[in-house]
Amino acid sequence: MLRRLVELAQYTSRQYATLADDCIGEIRLGELTTPLVDKVIGKIKQDVGPPTAKSCRSVISSVMNLAVRYGAVMINPIREVERIEVRVKKTPRALSELEIADWLRQLSADDTARRRDLPDLTLFMIATGVRIGEALAVVWDQVDLVGGEVEITHTIIRVKGQGLLRKPTKSSAGERVLGYPSLFWRCSDVGSPRAAGSTCRSSLTPSGASAIRRTPAAGSAMPEEKKRSPGSPHTT
């Protein structure tokens with residue numbers, strides 16, 4: 001039944017499969033009761049953490065909702081399972097102009113950061129407000145240099161056994177057209193696709209030879225730069 005859920009995102013599909021195998025893979029739908037699910041969710045919360053437990057609760061609830069609609073069971077036992085509240089450890093906030101300038105100055109002065117193209121990647125993320133995976137998934141034919149807009153439609157994920165994939169955002173709400181200040185192109189080393197010798201389907205921030213850049217590599221590089229630049233405590 002899990003595999004019949006339509007067109008799930010690949011990352012979400014892996015969550016469903018892992019959940020079925022590790023938690024309820026040997027249990028029939030009719031055997032899935034509220035006490036049993038409550039015990040499973042409680043163990044996940046204790047062993048892994050509240051965010052994962054909350055996700056697993058949603059996954060099981062979605063499966064049981066589908067089972068109810070198909071008449072396989074009469075009620076969804078997840079309805080009576082206690083909801084899980086996930087506390088935010090630190091309230092996020094936007095960097096001030098002085099903090100942005102200081103952070104970019106530190107990145108630009110660091111040889112390792114420049115070699116990893118972190119100044120341009122960071123500047124693009126600040127200018128547009130997109131996530132790191134979305135920034136790495138932007139290709140040149142999504143950029144309107146004249147109108148000052150960039151189209152966000154995809155993100156970069158790693159799928160086990162397949163490598164890096166450029167996939168659509170999870171929902172239509174993630175697809176959007178954003179404006180960006182022209183100052184970005186003047187301050188960065190990112191040029192036009194023709195000037196860079198690449199194609200319109202090339203990434204703005206490739207790892208080399210117009211390849212897809214590794215999101216984990218780019219993401220893990222940020223904390224490394226933060227350690228070498230302790231003057232910016234609010235960057236994550």
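Of the contacts in the chain with a separation of 6 or more, 62% join residues 24 or more positions apart, a contact being defined by heavy atoms within 4.5 Å. The model is a predicted one, in which local features need pLDDT of at least 70 and side-chain atom pairs count only at pLDDT 80 or more, while totals for chains, interfaces and linings use all residues. Residues are numbered from 1 along each chain as its sequence is written, and side-chain values use heavy atoms, with hydrogens and water left out.

The chain contains 10 helices and five strands; these elements are DSSP runs numbered from the N terminus, with helices (H or I) of at least four residues and strands (E) of at least two. Of the 236 residues in the chain, 36% are buried. Buried denotes a relative accessible area under 20%, exposed over 50% and partly exposed in between, with a 1.4 Å probe and protein chains only.

Within helix 2, Val-37 is buried, with a relative accessible area of 2%. Beyond its neighbours within four places in sequence, Val-37 contacts Leu-32, Ile-60, Ile-78 and Val-81. The C-alpha atoms of Val-37 and Arg-57 are 8.3 Å apart, across a sequence separation of 20 residues.

Ile-60 and Arg-57 are both among the buried residues of helix 3, which also include Ala-53, Cys-56, Val-59, Ser-61, Val-63, Met-64, Leu-66 and Ala-67. The 20 residues of helix 3 should span 28 Å at 1.5 Å a residue, and the 29 Å between its end C-alpha atoms agrees with this value; the expected span is 1.5 Å times one less than the number of residues.

Helix 6 (residues 118-128) is mostly covered, with eight of its 11 residues buried. These are Leu-118, Pro-119, Asp-120, Leu-121, Thr-122, Leu-123, Phe-124 and Thr-128. Gly-129 follows helix 6 and has a positive phi, near 80°.

The axis of helix 6 comes within 9 Å of that of helix 4 (residues 97-108), and the two cross at roughly 160°. Axes are lines fitted to C-alpha atoms, for helices over the stretch in contact, with angles from 0 to 180 degrees between N-to-C directions. Helix 4 and helix 6 are therefore roughly antiparallel (an angle over 145 degrees). To this contact helix 4 contributes Ile-100, Trp-103, Leu-104, Leu-107 and Ser-108, and helix 6 contributes Leu-118, Pro-119, Thr-122, Leu-123 and Ile-126. By class, eight of the contact residues are nonpolar, two are polar and none is charged; Ala, Val, Leu, Ile, Met, Phe, Trp, Tyr, Cys and Pro count as nonpolar, Asp, Glu, Lys and Arg as charged, and the others, Gly among them, as polar.

Trp-140 occupies the loop between helix 7 (132-137) and strand 1 (143-144). Its relative accessibility is 6%, so Trp-140 counts as buried. Trp-140 and Glu-151, 11 residues apart in sequence, have C-alpha atoms separated by 9.8 Å.

Thr-155 is placed in strand 3 (residues 154-159) and is likewise buried, with a relative accessible area of 16%. When neighbours within four places in sequence are left aside, Thr-155 contacts Gly-133, Glu-134, Ala-137, Leu-165, Arg-166 and Lys-167.

Definitions and conventions: Parallel < 35°, antiparallel > 145°, perpendicular 65-115°, else oblique.
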